[in-house]
Amino acid sequence: MARKLRLGIILALFFVGLGAGAVFAADGPLFRIENEKATPIKVPLLWDEKIAIPLVEVKIGAQTLRLALDTGADRVTLALNPAALKRLDVEFLDDRSRSLDVGGQKYVARNFIIPSVKIGALEFTQMKASEELRQTGHSDDGIIGNQLLQEFQVYLDYQASVMVLYPKTSDPECLHSEGWIRMPFDHSNLGIIVPAKFPWSDRPLRFCLDTGAVGNVQGRSMGLIRPEAVPQEQRRNSGAGDYLETSHFYLGESGADLGAMAFYLYDFKQPSVDGFLGHNLLKDHQLLIDFTYNLLYLKRSGDPGEVQPDIRTILSGGRVGGGGDAGTPVVVPFEYRKQTVLLQARINDSPQPYLFLLDTGAGATIVSQAVADALHLEKRAEIKAADGTGASQNVALVTLESLRIGAAEVENCGALVVDLGRVQTDITRVDGIIGGNFLQLFTIGIDYEQQRLTLARSGPVPEAAGYQRVELRKEPLGLIFARLKMAGVADPVEVEIDSGMDGDSYFIFGSEMLEKLRPALGCPPVRSKGTTRGGAFGAAGGTLSRLATAELGGLRLQSVPVEFSGTQSLVGNEFLSHFSVIIDYAGSAMYLRPNERRQMAGNIYSYGFAVNQGTDGTLRIIGLWEGSPAERAGLKLGDEIVGFSDGARELSLAEYRSRFQVAATTAGPLWVRIRNESGERMVELKKAPLLPEG
């Protein structure tokens, strides 16, 4: 039976020493956008009759061309085939661009300037383009590549046959519905690269997201994968070649399960990735590509999240209350306990205040189930919420008529109702979390040294009085992100500013980031046994290491302890507490002024174990760091903590943490009584560095 297999991939892999043509934009801008607007530009997608490649109509002078959309063409603005070039009057330049195709075939293409290119309502002038020399065998006149697309946020909906080009700095309207999965990608000369896994292997793979790559085998849309990535027992044969069919495909650092997917086995020579995702993914998913921050947003077409479009409106519908002097900042005290900022707030003018945790890393404000029951809060909807460990739960959505911190009030503040049993301090449980949907309505100042929080409706932002400015990216619900540069890593990594994150590491990266950031590490990784980090819904193990050098805004950092755990990349209180912090949500900026009394440590000093209370009421060790004082003393996972040297026994978790905190701050060793199958014994522990010195 005939097989149709189209590999729509062009790779601009430039060689060293080939002159100006080797770097496509070395001699100036690739083009100018003459009429860029603040509103999005909608462009219809057409389709090749033979194969599922999206086409876009482009006007060049009096000619209308149909160009294939090709996100795998990373070094191309436009590339036009010889037949199309015969219809145009172009002047070729002296320089040329070299490239390789997937079969390893070399191409030397002439470059030229196009005076005017129109795509929808956009006009580009003086665009530098090149020849398309591959024999594709389909009806398009050339391709549109990433050198043009990366000037926008690109939304694709194959089922609606539409592409929308959003300005780089805009808040895309398409993201205002539920159901989107957010995942970082690597962007280099290879294209848009996303990590992936299959259920039958822990081996991390790298896939290129390429709208110009389609495996159409016997009428079925498939991705492409190298044969060596697929064990023999997983292969099937259609008569037209081997293919892989999997019931689960996990994409991105968080391992989002995209369900069933098929891949044709093809031995391509270039690029150095394990496979390609194209029509097989996008036929069922909407996609937004944010080239500025190297982020993909993916959503299954027809996702039930669109049935409740008011959810984001509820969460972001709060407004600042009218009480108090609008021009006077509100200053309230907080308690900084075990690397968490705790403060009091009132809900619906409640007579008693509730204890809240300040968390810039929570997009939504949260109230505990106990508080929701006591105040008879009415459930308006139910959504799925996830924490930093990757665990998720269905939770209720409510509206608080009033949420007030001191005199700073937000009316109609959306909130989630969550069992906060996992989110607790040394002695008591918190009643809620102040999240980004509340905080983004203010400019906030966090003074860790004086333990004061300032909320200003339009407070003055410091100019240069000892503060370093850090540019932020803000999402609609108030989550904020900065870019961290690291020596040895080509692209900056986006980290979420998370004042709700405790722990002894300055930065936390998702577990999948370890291999990518290994060149930036200044010491061998130290791994955990069991779980060492908890979230609102789950827990996760981790790996410790140290960044040799890093840069956040204008701050240069050295010997920075970091942890790889969970699914998110975060900067938390262990870092932020070394500064006076101002977050200007409206201006998308954070300002940091160092606290001269606190010096950053290049190591983590700890006993090296984590404890939690089981359903039977016993306290047991759930996590150990390799080589830590606890492991060297013979403690093991599952050992029961019976008490301390003062004779107290049968402690609750809160009592244990309180006594542990007191014992850990006194001079001398810590004595802990443990019980296991070998009986009871006292163990002497002394804090020591967890990371190798030097």
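The legends below describe close-up views of a predicted model.

Residues are numbered from 1 along each chain as its sequence is written, and side-chain values use heavy atoms, with hydrogens and water left out. Because the model is predicted, local features need pLDDT of at least 70 and side-chain atom pairs count only at pLDDT 80 or more, whereas totals for chains, interfaces and linings use all residues.

**View 1. Strand β13 and its burial.** Strand β13 covers residues 162-166, where strands (E, at least two residues) and helices (H or I, at least four residues) are DSSP runs numbered from the N terminus. Five of the five residues of β13 are buried, so the strand is largely enclosed by the rest of the structure; here buried means under 20% relative accessible area, exposed means over 50%, and partly exposed lies in between, with a 1.4 Å probe and protein chains only. In a regular strand the side chains alternate between the two faces of the sheet. Both faces of β13 are covered, with V162, V164 and Y166 buried on one side and M163 and L165 buried on the other.

**View 2. The strands paired with β13.** Strand β3 (residues 41-44) pairs with β13 in the antiparallel sense over four bridges, two strands being counted as paired if DSSP finds at least two bridges between them. Within this pairing, I41 stands opposite L165 of β13. Strand β12 (residues 153-157) also runs antiparallel to β13, to which five bridges join it, and Y155 has V164 in β13 as its bridge partner. β12 and β13 form a hairpin with four residues between them, and in the turn S161 has a positive phi of about 55°.

**View 3. The salt bridge between R87 and D141.** Side chains of opposite charge can pair when their charged atoms come close. R87 forms a salt bridge with D141, and the closest N and O atoms are 3.6 Å apart; a salt bridge is a side-chain nitrogen of Lys or Arg within 4 Å of a carboxyl oxygen of Asp or Glu. The pair links distant parts of the chain, 54 residues apart, with R87 in the loop between α1 (82-86) and β8 (91-100) and D141 in the loop between β10 (122-131) and β11 (142-144). R87 is partly exposed, at a relative accessible area of 38%, whereas D141 is buried, at 13%. A search of the whole structure finds 25 salt bridges.

**View 4. The salt bridges of E680.** E680, partly exposed at 35% relative accessibility, forms a salt bridge with R673, the closest N and O atoms being 3.6 Å apart. The side chain of E680 also meets that of R675 in a salt bridge, at 2.9 Å from N to O. R673 is partly exposed, with a relative accessible area of 26%, and R675 is likewise partly exposed, at 26%. Salt bridges that share partners join R620, E640, R673, R675 and E680 into one network.

**View 5. The surroundings of A688.** A688 lies in strand β59 (residues 688-689) and counts as buried because its relative accessibility is 12%. Leaving aside its neighbours within four places in sequence, A688 is in contact with I604, Y605, S606, P629 and R632, contact meaning heavy atoms within 4.5 Å. The C-alpha atoms of A688 and G608 are separated by 8.5 Å, although these residues are 80 residues apart along the chain.
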